[in-house]
Amino acid sequence: MSSNSQRYLVLISKIIFFYSVFYVIMKIIAVFTGAWAIPNLILSIPYLGFAIVGALMVKRNSYHWAYVIPGAILISIVRYYEKEWMLQLHEYFS
């Protein structure tokens, strides 16, 4: 793999890792400040998985495109549908 490609892989992997950690922390804070608990915690589960895998990748300094591609897709989809899914989950569990 070229040096440029490897640098992009490391950069994008770390961005997805930090975004996942940030997202989980923000959802937990939202629950403690009065937001709907179950929908927020359910929506943070995939990000928790990406944060754990990302932490292992950063610790081992071993990165792979199989983490970057699903991570980018997950972030895009959840950001687009988050409001709708939040309402649907709240109605389902209420």
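Tutor: The model is predicted, so local features need pLDDT of at least 70, side-chain atom pairs count only at pLDDT 80 or more, and totals for chains, interfaces and linings use all residues. Residues are numbered from 1 along each chain as its sequence is written, and side-chain values use heavy atoms, with hydrogens and water left out.

Student: What makes up the chain, in helices and strands?

Tutor: The chain has 3 helices and 0 strands. Helices (H or I, at least four residues) and strands (E, at least two) are DSSP runs, numbered from the N terminus. From that end, the elements run α-α-α. The C-alpha atoms fill a box of roughly 50 × 20 × 15 Å, taken along the principal axes.

Student: How do you know that the span of α2 agrees with its number of residues?

Tutor: The expected span of a helix is 1.5 Å times one less than its number of residues. α2 has 24 residues, so it should span 34 Å. Its end C-alpha atoms are 34 Å apart, which agrees.

Student: What is the bend in α2, and where is it?

Tutor: α2 bends by about 35° at I45. The bend at a residue is the angle between axes fitted to the seven residues ending there and the seven starting there. A proline, P46, follows within four residues.

Student: Why is N40 called buried?

Tutor: Buried means under 20% relative accessible area, exposed over 50%, and partly exposed in between (1.4 Å probe, protein chains only). N40 has 5% relative accessibility, so it counts as buried. N40 is in helix α2. Contact means heavy atoms within 4.5 Å. Not counting residues up to four places away in sequence, N40 touches K27, V31, A35 and M86.

Student: Which other residues of α2 are buried, and what do they pack against?

Tutor: The buried residues of α2 include P39, L43, Y47, F50 and M57. The buried residues of α2 pack against α1 (3-32) and α3. Of the 94 residues of the chain, 30% count as buried.

Student: Why is N61 called exposed?

Tutor: The relative accessible area of N61 is 59%. The cut-off for exposed is over 50%. N61 is therefore exposed.

Student: Why does F93 count as partly exposed?

Tutor: F93, found in helix α3, has 42% relative accessibility.

Student: Which residues make the nonpolar surface patch?

Tutor: I38, I42, I45, Y92 and F93 make a nonpolar surface patch of about 520 Å². The elements that give two or more residues to this patch are α2 and α3. α2 gives the most, with 3 residues. Patches are made of residues with over 30% relative accessible area and no salt bridge: like charges are joined within 9 Å, nonpolar side chains (Val, Leu, Ile, Met, Phe, Trp, Tyr) within 5 Å. Accessible areas come from the Shrake-Rupley method with a 1.4 Å probe; for residues, only the protein chains shown count as cover.

Student: What makes E82 and K27 a salt bridge?

Tutor: A salt bridge is a side-chain nitrogen of Lys or Arg within 4 Å of a carboxyl oxygen of Asp or Glu. The side chains of E82 and K27 meet at 2.7 Å, N to O, in a salt bridge. E82 lies in helix α3 and K27 in helix α1, so the pair ties together parts that are 55 residues apart in sequence. Both E82 and K27 are buried.

Student: Which residue besides K27 pairs with E82?

Tutor: E82 also forms a salt bridge with R79, the closest N and O atoms being 4.0 Å apart. E82 and R79 are 3 residues apart in helix α3, so they are separated by about one helical turn. K27, R79 and E82 are linked in a network of salt bridges. A search of the whole structure finds 2 salt bridges.

Student: Are E82 and R79 buried or exposed?

Tutor: E82 has a relative accessible area of 13%, so it is buried. R79 has 52%, so it is exposed.
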